[in-house]
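Please open the structure in your viewer and keep the selection tool at hand.

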Amino acid sequence: MARRYSDPSAPLAAPRHDPAVSAEPLSPERAAAHLRDMAADVRTAVLVRPDGRPAGREEHAGELAGLTGELLDAVDGALRGERTDQVEAHTERGSVYAVRRDGWTLAAVARRSALSSLMFCDLRATLERVER
Amino acid sequence: MREQPRGPLGRATAVAEGVAAAVRRRQRERGPRVLTYDEAGRARLLAPSARGYDRVLEVAERMVAVMDAEPRR
């Protein structure tokens, strides 16, 4: 069952399947769907390969992969040489989270009400499990 | 140490100030913002005046817009 971070009325007694705890490797093609399954606040996600291509074949994956690259380029430019592997950007209509490691980037578009700490926890857990 | 409000009027004023501060804080949190994290996990708020800030938000808005074109799950 996916967690809905922003829903305080979610039943506590609901059975909790926490895919983040599993140590099984995850194929790159499955990573975005896995993240969506894990966190209901995620509206869409994309795993971007080191060469800039999306790992999955989901709708909009190519467009989102390109935009993720643009986002991180813009952040790198804004930081003037300082390195960051984790970024969040909040707009009026939603939030974007991105984590990168070893050239791979996992990005998610989420509801504005999502909790950043939990989003990053799920993003990092998913990215660490991806087979490379 | 903060002085305790005296009398009903003082307490009402303190409550109103608390509510106003909470509203301002909430509005600030709802506004556009960009945060980056270093390797130790320390957050850094990108200043709106920083070079590239507008560009980051513009790209983020485009990413959100991709999903706005879709029916909500």
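Two residues are said to be in contact if their C-beta atoms, placed from the backbone, lie within 7 Å. This is a predicted model, in which local features need pLDDT of at least 70 and side-chain atom pairs count only at pLDDT 80 or more, while totals for chains, interfaces and linings use all residues. Residues are numbered from 1 along each chain as its sequence is written, and chains are lettered from A and ligands numbered from 1 in the order in which they are written.

Select helix 2 of chain A, residues 61–79; helices (H or I, at least four residues) and strands (E, at least two) are DSSP runs, numbered from the N terminus. Its buried residues (20 or more other C-beta atoms within 10 Å of their own) include A:L64, A:L67 and A:L71. What covers the buried residues of this helix includes strand 1 (42–48), strand 2, strand 3 (95–101) and strand 4 (104–110) of chain A, together with strand 1 and helix 2 of chain B.

Now select chain B, whose elements run α-β-β-α from the N terminus on. In chain B, 25 residues are in contact with 25 residues of chain A, and helix 2 of chain B gives the largest share of that side, 13 residues.

Finally, select strand 2 (residues 86–90) of chain A with strand 1 of chain B: they pair in the antiparallel sense over 5 bridges, where pairing requires that DSSP finds at least two bridges between two strands. Here A:Q86 has B:Y37 as its bridge partner.

Notes
Expected span 1.5 Å × (residues − 1). Buried ≥ 20, exposed ≤ 12 C-beta atoms within 10 Å, placed from the backbone.
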